[in-house]
Amino acid sequence: MLDNLLLGASTALSPVNLLWCFAGVLLGTVIGLLPGLGSSTGVAILIPLTLTVEPVTALIMLAGIYYGSQYGGTITSVLLSTPGEAASVVTTLDGYQMARQGRAGAALAIAAIGSFAAAIASLVLLAAVAPPLASVALRFGPPENLAVMVLALVTMVVLATGSKLRAAAMACAGVLLACVGIDAGTGQARYTFGSVELLSGIPYVEVVIGLFAVGEVLHQIRVGAATPIRARFRDLVIRGRDIRDSAGAITRGTAVGFGLGVLPGAGSTLASFMAYGLERRVSANAAQFGRGAIQGVAAPESANNAAANANFIPTLTLGIPGGATTAVLLGALTVYGIQPGPLLFDEQPELVWGLLVSFFIGNVILLVLNLPLAPVFAQLLRIPYGYLYPLILFTSFVGAFAIDNNLFSVWLVLIFGVIGFGMKSFELPMAPLVVGVVIGALFEKALVQSSALLDGNLWLLATKPIAVGVLAAAGLLIIGPALARRLRTRTTSPSEENHV
């Protein structure tokens, strides 16, 4: 592997490729800042600009946009509760609360550190174990993917704060929203009410922008404008204690992100939700999650960056996109006349290893750019909120319009903004709803495919060991807390009787 890394370094460190790598990560950061645009749209728009350069140079630049946007999406998530990237949705839950408490700089800094650490760790794993991991991921068919979706829904419901019944209702509502459009099984339109725009379903990005950005603005207007944050500059800088407290969350988030990123179609959004749920489960600070826990920023940010890199395993070795953006990159490979697959590492090692080494370089550039600027970005919160609210609304609506260049997206953002305002007023959890919307379509597709594969008898899932193991984990999440309480009761009762 050392020879391959040296070959990749000689390619990635050429002046031209370094320049395009820098341009890619810088553009990616800007794209991530814009709500609704996202890495997949940014990559798709800029593919034509790369047709005049060498394929390896073009891929280095496009990949830089991909992981650069992961950083950029964090900035607006923390400062304005407006996710620029889908994978940054979870970051708003604690990152924005940290910003309101005068710790925006710390939130942005730990996001940059966690993202960098996860990226480097996942890249080492990517370079070392891509072929064997790809073979494992290939064993995940529709039944296994269905089990993973069930586990994701159960995780968000079980780990939600407050009423579990409300969380389950919100998760079901999210899945129902994802059912709008064309039926995956019959091809018939459903719940569209004659609207042509709804045939393709309710777009996830518009839902997120409305719930988090517009909903938050409406809620703040209702409760009254808060006093702008006047924290001292040194209060915005991350402390050594914050890094120590976040080390475990970064490690676990990296593991979850890489593990899910290897699976075709899982994507970094699901990884960030799963990492956040796991961290709430294991953290001794669980009560603070949703109120400004720094681990609630470190875990999902580490997970989405690890997943973004792991997405390249099925993309390069199997020709199967790991997520939406790698699907666009897969199309770019064919435009450049490159056939991804198991033979790619042998036939074009300079391209593959040059691309992988460029990931290391690009993440170093991002850390150098973002870490010193975290307190500078945080100074935006000194602006009176009366001036920020119009900026947030303007950015949200323009970003929504830019997705498909029509007003339907703007109306969707407004509608879900009102829904988000209502959810905040009645203290309904948003995370289960968003997870339901995210994986609803994937859940239905896996369910239909599994039913067809098993001749309509889903009980045959019991013949799939991996699916059984994942579903067993979901079951343990449901009954685990009750069992733990019963065990604690049994162990404390004798001691109490002896005390009496």
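**Contacts, cores and bridges**

Guide: Leaving out residues up to four places away in sequence, L211 touches E216, F416, G417, I419, G420, M423, M430, L433 and V434. Contact here means heavy atoms within 4.5 Å. Keep in mind that this is a predicted model, where local features need pLDDT of at least 70, side-chain atom pairs count only at pLDDT 80 or more, and totals for chains, interfaces and linings use all residues. Residues are numbered from 1 along each chain as its sequence is written, and side-chain values use heavy atoms, with hydrogens and water left out.

Visitor: Which residues touch the most other members of the largest nonpolar core?
Guide: L211, F273 and V434 do, in a core of 78 residues. Helix α7 (residues 142-158) gives the most to this core, with 10 residues. A nonpolar core is a set of buried Ala, Val, Leu, Ile, Met, Phe, Trp, Tyr and Cys residues joined through side-chain atoms within 4.5 Å. There's also a second, separate core of 50 residues, which includes V43, I47, I361 and I365.

Visitor: Why is L6 called exposed?
Guide: Exposed means over 50% relative accessible area, buried under 20%, and partly exposed in between (1.4 Å probe, protein chains only). L6 has 53%, so exposed it is. You'll find L6 in helix α1 (residues 2-12); helices (H or I, at least four residues) and strands (E, at least two) are DSSP runs, numbered from the N terminus.

Visitor: And why does R190 count as buried?
Guide: Because its relative accessibility is 16%. E444 counts as buried too, at 14%.

Visitor: What makes R190 and E444 a salt bridge?
Guide: The rule asks for a side-chain nitrogen of Lys or Arg within 4 Å of a carboxyl oxygen of Asp or Glu. The closest N and O atoms of R190 and E444 are 2.5 Å apart, so the pair qualifies. R190 sits in strand β2 (residues 189-190) and E444 in helix α19 (residues 431-453), 254 residues apart. D183 also forms a salt bridge with R190, at 3.1 Å, and D183, R190 and E444 are linked in a network.

Visitor: How many salt bridges does the rule give?
Guide: The count comes to 5. One of them joins D242 and R103, at 2.4 Å from N to O.
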